[in-house]
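Good morning, and thank you for making the time. Please have the sequence and the model in view while I speak.

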Amino acid sequence: MIEVRGLTKRYGEVSAVDDLTFTVRPGEVTGFLGPNGAGKSTTLRMILGLDAPTSGTATVGGLPYAAHPAPLRAVGALLDAGAFLPSRTARDHLLALAASNGIPRRRVAEVLAEVGLESVARRRTGTFSLGMRQRLGIAAALLGDPPVLILDEPLNGLDPEGIVWMRGLMRRMAAQGRTVLMSSHLMSELELTADHLVVIGRGRLIADTSMTAFIDAHSSREVLVRSPQAQTLCRMLEPAAEVREDGTDGLVVTGLDAARIGALAAAGGVELHELTPRQASLEQAFMNLTRDSVQYRTESTEHGRSTEHTGRTEHIEHIERADRTDRAQKEMSR
Ligand code: ADP
């Protein structure tokens with residue numbers, strides 16, 4: 001269990017993390033979501049005792065990280081995939097970590113196998129690709145068989161096979177009853193991996209909820225309907241629902257579920273050829289959250305924000321702008 005209470009970090013005028021309170025529970029993967037600059041890394045660094053909070057507390061398993069006698073056995077962390085001595089081999093890196101944390105040497109071979117680096121165990125880490133460094137970072141995190149895993153952007157640099165592998169690993173770790181907190185800006189991946197979400201923007205908490213509740217709360221349920229009597233159906237549904245054409249020959253209905261649409265069609269003698277509930281995605285839900293405020297849409301500009309914006313709207317504006325920047329950066333670095 002990770003408990004964050006009133007956690008705040010200021011760098012001069014900048015509030016990197018602002019009165020953040022949330023709990024990360026065992027047995028599930030919790031996704032830590034927010035755009036670049038939202039304060040994710042700063043939060044994780046404070047949980048791991050690498051940054052001192054301006055105020056507030058963060059504990060892991062009931063203790064501040066630094067109070068754990070053998071931290072690698074309490075928490076496995078992946079923060080910076082580049083943090084190895086380039087002249088050291090992968091195996092030597094892990095052996096040194098094991099020795100300094102009282103972890104048996106045999107764990108080194110076990111974790112190298114777990115992350116698929118056995119064949120390059122005696123290669124210098126300086127020759128590793130980003131994906132291999134990520135895997136080595138994960139191996140280090142798993143070394144102490146810790147009940148808590150904290151991973152900052154663990155999918156960065158992984159190829160598609162690596163991403164699938166990482167997803168399986170996270171899910172397996174959670175199924176074993178561990179607490180898993182992972183940040184990622186890759187929403188489609190996070191959606192597939194995480195059960196729970198902590199969403200922050202501008203250092204403040206925006207949502208702390210299950211993945212399904214988050215998607216439900218910030219997206220409208222749509223149902224795709226096809227019928228040879230589309231116009232009649234449309235007239236029947238419109239008093240209760242919003243209906244639009246989907247660009248082919250279907251209707252997209254918002255405001256009624258599939259069962260209700262089916263019942264209304266049956267009662268009216270309308271033939272249906274398709275009735276498909278559409279699953280909203282995390283990305284859509286997140287984008288809808290950023291569109292929640294009409295004020296935001298009408299007043300936001302590239303250059304500034306209106307003084308009439310609410311605090312929440314400012315978060316949202318920041319998220320959307322930073323998300324755009326983040327995407328542009330990601331595109332450029334490809
Ligand atoms: P994220 O991980 O969500 O991208 P960060 O935690 O890295 O966000 O950054 C949050 C904010 O704090 C940003 O505005 C960033 O510029 C600022 N920040 C982070 N570290 C420092 C630092 N050492 N000194 C000054 N500002 C910092």
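Let me begin with a definition: two strands are said to pair if DSSP finds at least two bridges between them. Strands themselves are DSSP runs of E with at least two residues, helices are runs of H or I with at least four, and both are numbered from the N terminus. This is a predicted model, in which local features need pLDDT of at least 70, side-chain atom pairs count only at pLDDT 80 or more, and totals for chains, interfaces and linings use all residues. Residues are numbered from 1 along each chain as its sequence is written, and side-chain values use heavy atoms, with hydrogens and water left out.

I turn to the sheets. Four strands form an open sheet in the order S11-S12-S10-S13, and their pairing is antiparallel. At its edges are strand S11 (242-245) and strand S13 (274-278), each of which pairs on one side only. From one strand to the next, the twist averages 25°; the axes behind such angles are lines fitted to C-alpha atoms, for helices over the stretch in contact, and angles run from 0 to 180 degrees between N-to-C directions. S11 is joined to strand S12 (residues 251-254) by four bridges, and the two run antiparallel. Within this pair, Arg-244 has Val-252 of S12 as its bridge partner.

Elsewhere, strand S1 (residues 2-11) is paired with two strands that deserve attention. With strand S2 (residues 14-24), S1 pairs in the antiparallel sense over seven bridges, and Lys-9 stands opposite Val-17 in S2. S1 and S2 form a hairpin with two residues between them, and Gly-12 in the turn has a positive phi of about 60°. With strand S4 (residues 55-60), S1 pairs over five bridges, again antiparallel; here Ile-2 faces Val-60 in S4.

Next, the ligand. Which residues are around it? They are Tyr-11, Ala-16, Pro-35, Asn-36, Gly-37, Ala-38, Gly-39, Lys-40, Ser-41 and Thr-42, where a residue counts as near if one of its heavy atoms lies within 4 Å. Helix H1 (residues 40-47) gives the most to this shell, with three residues. By class, the shell has four nonpolar, five polar and one charged residues. In this scheme Ala, Val, Leu, Ile, Met, Phe, Trp, Tyr, Cys and Pro count as nonpolar, Asp, Glu, Lys and Arg as charged, and the others, Gly among them, as polar.

Oxygen atoms of the ligand lie 2.6 Å from a polar backbone atom of Gly-37, 2.9 Å from a backbone N or O atom of Gly-39, and 2.7 Å from a polar backbone atom of Ser-41. Taken alone, the ligand exposes 560 Å², of which the protein buries 59%.

Asp-145, in the loop between helix H5 (130-142) and strand S6 (148-152), has a positive phi of about 50° although it is not a glycine. Glu-153, in the loop between S6 and helix H6 (160-175), likewise has a positive phi of about 50° without being a glycine. Is each of these residues buried or exposed? Asp-145 is partly exposed, with a relative accessible area of 45%, whereas Glu-153 is buried, at 12%. Buried means under 20% relative accessible area, exposed over 50%, and partly exposed in between, with a 1.4 Å probe and protein chains only. Pro-104, between helix H3 (90-100) and helix H4 (106-114), is partly exposed at 35%.

Methods. Polar contact = N/O pair within 3.5 Å; in protein donor to acceptor, adjacent residues only side chain to side chain. Areas by Shrake-Rupley, 256 points an atom, 1.4 Å probe, with all protein chains shown as cover.
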